[in-house]
Amino acid sequence: MKKFLLFPLFALLLMFTACNEAANEFENKLVGTWESAGFNEYMELEYVVDYIFNPNGSYEYRHYMREEGERQPVGFIMIERGNYSYNGHTLTKTATFMAYRPYEQPYVSEDSLRPYDETSYPALNNAQQIELVLQNENREFLIPGGIVGGDVIVEDQVFVRVD
């Protein structure tokens, strides 16, 4: 009789474990560094926007400039750090830290960025949801653009996995 009762309990435990592993596997597809880059001819530097998704649920979102063909930034425009989750096609991120460059400078060192506080940036510590679509066998993700505010067109953003 005890063996008969243990089988349904074991099956139930196996089902919950499988569901949890499937959710973690899905979210882990984002773990790594993703970037979108272009070239600024006036400054003769690459401008980069990247996301770094960590396995512990934290992220870093950065805008910076770098020498063409190099990986290290020469200066930053802004940095955002916080926590994230990914479900289906929805990235939910909560910024816990944001810092930006002074307006009069094109870029600065990371330690010269000016931090936002909740008064100057009310979205700090509030969850934001973004549509994010993994594509090309999880080597790229797309954040679709669209019309914002009724008349501003925002282009699609494509990020490529770099590590």
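User: F76 first. Buried or exposed?
Analyst: F76 is buried, because its relative accessible area is 8%. The scale runs like this: buried is under 20% relative accessible area, exposed is over 50%, and partly exposed lies in between (1.4 Å probe, protein chains only).

User: What kind of model is this?
Analyst: This is a predicted model, in which local features need pLDDT of at least 70, side-chain atom pairs count only at pLDDT 80 or more, and totals for chains, interfaces and linings use all residues. Residues are numbered from 1 along each chain as its sequence is written, and side-chain values use heavy atoms, with hydrogens and water left out.

User: How many aromatic pairs are there?
Analyst: The structure holds 10. Rings of Phe, Tyr and Trp (its six-membered ring) pair if their centres lie within 6.5 Å; planes under 30 degrees apart are stacked, over 60 edge-to-face, and the rest tilted.

User: Which way do the rings of Y64 and F76 sit?
Analyst: The Y64 and F76 pair is tilted, at 5.8 Å centre to centre with 55° between the planes. It links distant parts of the chain: Y64 is in strand 3 and F76 in strand 4, 12 residues apart. Helices (H or I, at least four residues) and strands (E, at least two) are DSSP runs, numbered from the N terminus.

User: And why does Y64 count as buried?
Analyst: Because its relative accessibility is 2%.

User: What about F141 and F159, how are they arranged?
Analyst: Their ring centres are 4.8 Å apart and their planes are at 20°, so the pair is stacked. This pair also links distant parts of the chain: F141 belongs to strand 9 and F159 to strand 12, 18 residues apart. Both F141 and F159 are buried.

User: Which residues make up the aromatic cluster with those two?
Analyst: W34, Y51, F53, Y61, Y84, F141 and F159 form one cluster.

User: Switching to the core. Which members of the largest one touch the most others?
Analyst: L30, Y51, F53 and F141, out of 20 residues in the largest nonpolar core. Such a core is a set of buried Ala, Val, Leu, Ile, Met, Phe, Trp, Tyr and Cys residues joined through side-chain atoms within 4.5 Å. Strand 2, strand 3 (58-66), strand 4 (73-87), strand 5 and strand 9 (140-143) each give at least two residues to this core.

User: What does L30 contact?
Analyst: Skipping neighbours within four places in sequence, L30 contacts F53, Y84, Y86, L91, L132, L134 and F141. Contact means heavy atoms within 4.5 Å.

User: Which residues are in the second core?
Analyst: That separate core has seven residues, including Y64, F76, I79 and V108.

User: Now the largest pocket. What is its volume?
Analyst: About 160 Å³. On a 1 Å grid over the protein atoms alone, a cavity is a set of points where a 1.4 Å probe fits but cannot get out, while a pocket is an open set with protein on both sides within 12 Å along at least five of seven lines; lining residues have an atom within 4 Å of a point. Points are joined across faces, edges and corners, and a volume is the space filled by probe spheres set on them.

User: Which residues line it?
Analyst: V49, Y51, Y61, E80, K93, M98, Y121, Q128, I130, I143, Q157 and F159. Strand 2 (45-53), strand 5 (90-100), strand 7 (127-131) and strand 12 (157-161) each give two or more residues to the lining.
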